[in-house]
Amino acid sequence: MTTHEPVPDPEVPAKPRTRTYTAVYKVRILAEYETLDKPGKGALLRREGL
């Protein structure tokens with residue numbers, strides 16, 4: 001009887017990279033977020049992957 005070990009997908013990294021954000025980026029995103037309505041806020045978060 002043979003066992004079938006799952007082969008890892010080469011396209012998927014073993015450990016995801018931790019994202020880092022600069023203070024300038026955070027301020028820019030928060031300033032933009034505050035000017036938007038609810039649908040716009042959701043769109044901004046999706047666009048930025050947050």
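Predicted model: local features only at pLDDT ≥ 70, side-chain atom pairs only at ≥ 80, totals over all residues.

Me: How many helices and strands does the protein have?
Reply: Helices (H or I, at least four residues) and strands (E, at least two) are DSSP runs, numbered from the N terminus. The secondary structure comes to zero strands and two helices.

Me: What share of the residues is buried?
Reply: Buried means under 20% relative accessible area, exposed over 50%, and partly exposed in between (1.4 Å probe, protein chains only). The protein has 50 residues, and the buried share is 10%.

Me: How much of the accessible surface belongs to carbon and sulfur atoms?
Reply: Accessible areas come from the Shrake-Rupley method with a 1.4 Å probe; for residues, only the protein chains shown count as cover. The surface comes to about 5000 Å², and the part belonging to carbon and sulfur is 61%.

Me: Which buried residues does α2 have, and why do they line one face?
Reply: Seen down the axis of α2, its buried residues fall within an arc of 60 degrees, so they line one face of the helix. The arc is that of the directions from the helix axis to the C-beta atoms. On the other side, K38, P39 and R46 are exposed. The buried residues are G40, L44 and E48.

Me: Which helix do the buried residues of α2 pack against?
Reply: Contact means heavy atoms within 4.5 Å. The buried residues of α2 pack against α1.

Me: Which residues does K41 contact, leaving aside neighbours within four places in sequence?
Reply: K41 sits in helix α2. Its relative accessible area is 23%, so K41 is partly exposed. Beyond those neighbours, K41 is in contact with Y33 and L36.

Me: How many salt bridges are there?
Reply: Side chains of opposite charge can pair when their charged atoms come close. A salt bridge is a side-chain nitrogen of Lys or Arg within 4 Å of a carboxyl oxygen of Asp or Glu. By this rule the count is two.

Me: Why does the salt bridge of R47 and E32 tie together parts of the chain, and how far apart are they in sequence?
Reply: The side chains of R47 and E32 meet at 3.4 Å, N to O. R47 lies in helix α2 and E32 in helix α1 (residues 23-34), so the pair ties together parts whose separation in sequence is 15 residues.

Me: Which residues are linked in a network of salt bridges?
Reply: R47 also meets E48 in a salt bridge, at 3.1 Å, N to O. E48 is buried, at 17% relative accessible area, and E32 is partly exposed, at 26%. The linked residues are E32, R47 and E48.

Me: Which residues form the aromatic pair, and is it stacked or edge-to-face?
Reply: Rings of Phe, Tyr and Trp (its six-membered ring) pair if their centres lie within 6.5 Å; planes under 30 degrees apart count as stacked, over 60 as edge-to-face and the rest as tilted. The whole structure holds one aromatic pair. Y21 and Y25 form it, at 5.3 Å centre to centre with 15 degrees between the planes: stacked.

Me: Is Y25 buried or exposed?
Reply: The relative accessible area of Y25 is 17%, so Y25 is buried.

Terms used:
Residues numbered from 1 in each chain as written. Heavy atoms only, no water.
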